[in-house]
Amino acid sequence: MRCLRLKKQKEITALHRSGKRVYASSLTVIYLPSDCLKMAVCVGKKYGKSVRRNRIKRLLRAAFSQYTDFLSPCSVLLIPRVSEEYSYAVFVRDIGKILERERLLEHTP
RNA sequence: CGAGCGGACUACGCGGUCGCGGCGUGCUUUUGCGCACGAUGAGGAAAGUCCGGGCAUCGCAGGGCAGGACGCCUGAUAACGUCAGGUGAAGGUGACUUCAAGGAAAGUGCAACAGAAAUAGACCGCCCGUCCCUCUUUUGACCCUUUUUUUCGCAGGGGUCCCGAAAAAGAUUGCGUAGCAAGAUUUUUUGGGAAGAGGAGAAGCAAUCGAACGAAACGCGCUCUUUGCGUGAGCGAAGAGCGGAACGUGAGAUUUGCUUCGACGAGGCAAGGAUGGAAAGGCGAGGUAAGAGCUCACCGACGGGACGGUAACGCCCCGUGCCAUGUAAACCCCGUCCGAUGCAAGUUUGGGACCUUUUCACACAGGGUUGCCCGCCCGAGAAGGUCCGUGAAUAACGCUGGAGCCUUUCGGUGACGGAAGGCGUAGAUAAAUGACCGCGCUCGACAGAACCCGGCUUAUAGGUCCGCUCGUAUC
RNA sequence: GCGGGUGUAGUUCAAUGGUAGAACACUAGCCUUCCAAGCUGGUCGCGUGGGUUCAAUUCCCAUCACCCGCU
């Protein structure tokens, strides 16, 4: 991915502590302005076995990559909600809705 | 055609656009960051982490104890608790399946309840002997031998007189044709060697009285039927019918009616006794006072020998003091094996300066080596603190070419091994396979590598192939 | 990834291979004018599946769920 991965424990705890949380029906987004664009996905053991967790992570990354070219530099953490079914279209729609509402997009796609 | 058994394989496919991981080549760039192209990128279980090994480190690779694992035989393998072939046992009509399958006369422990009794005995019982009182009936008296017997037993065997019964012979007598009846006596066979009733006494059942407790009818009593227990008098349970208006349980006491039992023996036996998972081999016959592998036949168990097999074991013959329950997935014994820690192992970049405490270079003491002991090693470090520096849960290596995979062929029943040829086949580190479109169908299960292999176990929608068994029908 | 541990009543726990127990909770009755407290009684069971054994919560194996440690 072109955007940098958010890796350090320090950065993630800082994000949790002082980032802004935005909620949608399918997921939660935490973001904080920074020098370059970084993102991370948070999928713990409560979401199911490893096959199910990997599928959630793939869907979230694919959905987020639709907007990477238009985003202003900031750190983003994506946390999905626990549910029975996950779909790519719902993730794309909700992420777009949130980013538009928080005016993070530099120009509309 | 139906029902089933065993084995092997597969795990949606094809095409297009965008995107992800590492790799190679090229371009750019001081490096880094990038760009383009190319090929490549999750499994049969990647899972559980239940075993075994490689690999790495630890002054392990010396001994003993402790601890752990395994347990029919032979083989395969780097090794195994795995696999293959066989043996035995159990199950199934069969194909076939399952089995931690050494030792219970080395020792210790445990076996509830039930049952007379639970690893050992004699409660009931069967038999024998001795001994109280009264009465009734009754034929008893001797000799030889230790020959019999596994044992216990006064108890074995033989003979004479006596008594009873049966059979045969038969002098003689009566009636008399035949024949029938009686019958002294003789011979042979067999039996007999005491039996029974009552009393005293003991134990119990029912009725009666009754302290105390409960109770107002779904209760109580009586009769009948069925059934259970007891040797019995009797006591319960269930059902049906009837009864009158009051009782039921009951420590204890007295009388009446009824039932059963002779007592004893440091006697014999273990056949029978509703139990139990298991009752001192099973069953039948002989034998005995009663009994018993006491004897015999068959079956089983154990021991010995011959034969077959590498062996487990099989099969045949002979013998027997039948000496003895189950449990070792209870302790344990015997045999075999095991050093510990796990890639978060470990190696490198990567440290420097100072202070304090402690041990030691003979010994003691200290540290390490496996939980413990002995033994061995360490011989200058070990522990703690402060300051400087620093990217530090970081970076690189370990990291994927390995007991590797495929094909052919040879050896072997097989697991497997040998040879030849070919292939290059994920390597991430907040951790890569997704989204959309089109076509096809049976509409797609379980599920995601994290050092690597060999196994086991568990999860799994379907589909394909091979071999085999049983049943039915037809030929 | 590696190494350990635990599953018993609604809850917290106990147990020698032989009928599974205690406390609290729940519930019915008594007591009280009523409630609480107290007294008397009752209900609720060994994570799952196999095996060893006459008999398994206990012993063995597998499996499921949960917890802890290593950094």
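Ser26 touches Pro80, Arg81, Val90, Phe91 and Asp94, where contact means heavy atoms within 4.5 Å and residues up to four places away in sequence are not counted. The model is predicted: local features need pLDDT of at least 70, side-chain atom pairs count only at pLDDT 80 or more, and totals for chains, interfaces and linings use all residues. Residues are numbered from 1 along each chain as its sequence is written, chains are lettered from A and ligands numbered from 1 in the order written, and side-chain values use heavy atoms, with hydrogens and water left out.

Ser26 sits in the loop between β2 (20-23) and β3. Helices (H or I, at least four residues) and strands (E, at least two) are DSSP runs, numbered from the N terminus. Ser26 counts as buried because its relative accessibility is 12%. Buried means under 20% relative accessible area, exposed over 50%, and partly exposed in between (1.4 Å probe, protein chains only).

**Strand β3**

β3 is largely enclosed by the rest of the structure, because 5 of its 7 residues are buried. Two strands pair if DSSP finds at least two bridges between them. A hairpin joins β2 to β3 through 3 residues.

| Strand pair | Sense | Bridges | Opposite residues |
|---|---|---|---|
| β2 and β3 | antiparallel | 4 bridges | Val22 and Val29 |
| β3 and β5 | antiparallel | 7 bridges | Leu27 and Pro80 |

**The core**

A nonpolar core is a set of buried Ala, Val, Leu, Ile, Met, Phe, Trp, Tyr and Cys residues joined through side-chain atoms within 4.5 Å. The largest one has 30 residues; Leu27, Phe64, Val76, Leu78 and Ile95 touch the most other members. β3 (27-33), β4 (38-41), α2 (50-64), β5 (74-80) and α3 (88-101) each supply at least two residues of this core.

Leu78 lies in strand β5. Its relative accessible area is 1%, so Leu78 is buried. Among the residues that Leu78 touches, beyond four places in sequence, are Leu27, Val29, Met39, Val41, Leu60 and Phe64.

**Helix α3**

α3 has 14 residues and reaches 20 Å from its first C-alpha to its last, close to the 20 Å expected. That expected span is 1.5 Å times one less than the number of residues. Its buried residues are Phe91, Val92, Asp94, Ile95, Gly96, Ile98 and Leu99. Their cover includes β2, β3, α2 and β5. Arg103 follows α3, with a positive phi near 55°.
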